[in-house]
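Student: I have some questions about this one. Can we go through it piece by piece?
Tutor: Go ahead.
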Amino acid sequence: MDILSCAALAVIESVALRALVSDIDVGPQRIAFIAFGLQYLVLKWYRLFLYPKYFSPWRHLPTPPGNQFMLGHAGRIFKADTPVSLFVEWMESNPDAPFIRYLSLGHSEVLLVNSPSAHREVLQSNCYSFTKTDRLRKMIKQFAGEKSLALLEFDEHRQHRKMLAGILSPASIKQLAPIFTATVKELQNMFDAAIESNDGKTGVIDCTYTYSKATLDAVGISIFGVDLAQTRNAGLVRHDNDNYSFTDAYEDIFAPSTLGKVLFALNAFIPIRWLPLEANQKFMFASRWLNETLAGLVRERRQKITGAIAAGKYDKQSRDLLSFLIEESLPGGTAAGISDRHIADHLLVFLGAGHDSSADMASWSTHIMATRHDIQDRLRAEVLDLVSRNPEPSSADIEALPYLNNFYRESLRVYPPGMTMHRQAATDLTIQGVFIPKGSIFDLAPAVTSMNPLIWGDDAREVNPDRWDAATITSEQLATWSNNVFSNGPRICPGKGFAQLELKLMLFHMVLHYRFLSVEGEFTVENPALTLRPHGLRVRIEKISG
Ligand code: HEM
């Protein structure tokens, strides 16, 4: 935009100068070129250095130190221990400020939403005055269709949330319990294999790999009703892998090589998918494969369901979310009229949003248990007590365990997997007395409120499941806006109940059958990343006999 305005102005100036000064012996192109260069430099200098410091409406907001030339704070964010650790540090220096301003690449301003009341205004009161940012939209569009819930805005988003409400309601989530329990058995097989391949007594699991696989199995069966590892597409086979499966496509998109990750992020700034690189070809193939295969899956399931209904043989029991959504899309259903394209796009986002976050949560819970044996022992005592009274507890019995519930909430508070949300103002507005021009960029990080010492006390960074005890927890800590781990407002995570059931069942069985002895070696946290993902977190486990 700046280039275009400067170029247009330079042409006008050149024409005007030659009209006003008759004996000028410099050609019009040269004049325009020099004018363009000078104007562009002055404008950039203003934007980079003068505007943020002297003219921005946000210049009085807290701005952290450490701004680097051209990189702003972005360089330090990418080098930090986790993608959100600087946000938490900045919040700790300004715990009650509504917003903190930081500078991103090219010194562009970003507002970090800080106080609970500012969160409420951005996520609830003015939810539809914001959209996802253009960059995030470009990033998500690389693998999910435009019709997916995560990309819908305004009335269309409202309408689709309503259509999808039934399939993720508590009643339908409850029906998924047997599926989750079955996938926990898979997890146990992986744990046992790790122990067997060592000395038969203890073994080491790589948390990211193990939980990723287990939760992908769980979301595959619960969302699509298929074993994703076995799902192939006969019409679309990769030349170097004729056994290409859903798992391959998923990995090529969500767990690519380092170059693949860089290209994924870069493509949100400049289109680079046309570059003839292997990482690009893999990504493009996987994205096409995933979209075509899902469309085929939806088509087949619709035929099967409508055929069974017509024959009077449809069994509504034990249905996955895809079957449920297709049923509801029929005349009279809560999602009547929703297109197959929308269904496929929504479910692909459910898969992406639900898989990594649940796997990360399981990894961090394991980390807590392996480093805090006191917490692990209390969890196990509670689980054993339930089993001694009721050897076959229902999912409702498990969900009601108080210490397991406290542990689940505390683990999410300290290690929120859905790490950041990004928004862009769709209109001019004022929030908490701060003027927000249209186009302003916002970051929201659940850790910012979850770690706020004014809400959670000076030990906010410590893991302490007891802080959730009904007898002692304060109303401020329980307030909706003190906890944004699943976001809040109209865009609150629709998979909250799904994640809770899946993870509590997984934790229950893990604690019942295994001891988590220690963390082996060092590990890092992926940065940049879409979720709070430990890398190389290896934990020694031991099977509990009997
Ligand atoms: C521990 C597990 C999970 C966490 C921490 C989590 C967190 C979040 C957060 C913070 C958002 C808001 C993103 C934004 O507005 O930019 C979100 C949105 C979303 N989540 Fe989750 N999530 C989890 C599991 C799941 C599961 C299991 C599913 C599906 C089965 C799911 C589906 C979605 C969808 C579809 C959205 C977009 C909602 C919309 O834009 O209306 N999530 N999640």
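Student: Where is the place of Pro 528?
Tutor: Pro 528 sits in the loop between β10 (524–525) and β11 (534–535). Keep in mind that this is a predicted model.
Student: What kind of peptide bond joins Asn 527 and Pro 528?
Tutor: A cis one, with omega at about 5°. In general, most peptide bonds are trans.
Student: On to backbone angles. What is the phi of Met 70?
Tutor: Positive, about 65°, although Met 70 is not a glycine. Met 70 is in the loop between α2 (28–55) and α3 (74–79), and Met 70 is partly exposed at 34% relative accessible area.
Student: And what about the phi of Ser 487?
Tutor: Ser 487 has a positive phi of about 60° and is not a glycine either. Ser 487 belongs to the loop between α21 (475–478) and α22.
Student: Is Ser 487 buried or exposed?
Tutor: Buried, with a relative accessible area of 8%.
Student: Now the ligand. Which residues come nearest?
Tutor: His 157, Arg 161, Arg 423, Arg 491 and Cys 493, out of 23 residues around the ligand.
Student: How far is the side chain of Arg 161 from an oxygen atom of the ligand?
Tutor: A polar side-chain atom of Arg 161 is 2.8 Å from a ligand oxygen. For Arg 423, an N or O atom of the side chain is 2.7 Å from an oxygen atom of the ligand. For Arg 491, the corresponding distance to a ligand oxygen is 3.0 Å.
Student: Which elements each supply at least two residues of the shell?
Tutor: α7 (154–165), α15 (340–371), β5 (421–425) and α22 (496–513). The most comes from α15, with five residues.
Student: How do the shell residues divide into nonpolar, polar and charged?
Tutor: There are 13 nonpolar, six polar and four charged residues in the shell around the ligand.
Student: Switching to salt bridges. How many are there in the whole structure?
Tutor: The search finds 27. One of them pairs the side chains of Arg 101 and Glu 109, at 2.6 Å from N to O.
Student: Are Arg 101 and Glu 109 buried or exposed?
Tutor: Both are buried.
Student: Which of the two is buried, and which partly exposed?
Tutor: Asp 345 is buried, at 2% relative accessibility. Arg 341 is partly exposed, at 37%.
Student: Which residues do salt bridges with shared partners join into one network?
Tutor: Glu 410, Arg 413, Asp 459 and Arg 467.
Student: And what about Arg 288 and Glu 292?
Tutor: Their side chains meet in a salt bridge at 3.0 Å, N to O. Both residues are in helix α13 (residues 278–310), four residues apart, which is about one turn of the helix. Arg 288 is partly exposed at 45% relative accessible area, and Glu 292 is partly exposed at 38%.
Student: Last topic, the surface. Which residues form the nonpolar patch?
Tutor: Leu 71, Leu 105, Leu 259, Val 262, Leu 266, Phe 269, Ile 270 and Leu 277, with about 650 Å² of accessible area together.
Student: Where is Leu 105 found?
Tutor: In the loop between β1 (99–103) and β2 (109–113). Leu 105 is partly exposed, with a relative accessible area of 40%.

Terms used: Residues numbered from 1 in each chain as written. Predicted model: local features only at pLDDT ≥ 70, side-chain atom pairs only at ≥ 80, totals over all residues. Heavy atoms only, no water. Near = heavy atom within 4 Å. Polar contact = N/O pair within 3.5 Å; in protein donor to acceptor, adjacent residues only side chain to side chain. Nonpolar A, V, L, I, M, F, W, Y, C, P; charged D, E, K, R; others polar. Patch = residues over 30% accessible without salt bridge, like charges linked within 9 Å, V, L, I, M, F, W, Y side chains within 5 Å. Areas by Shrake-Rupley, 256 points an atom, 1.4 Å probe, with all protein chains shown as cover. Salt bridge = Lys/Arg side-chain N within 4 Å of Asp/Glu carboxyl O. Buried < 20%, exposed > 50% of the residue type's maximum accessible area, 1.4 Å probe, protein only.
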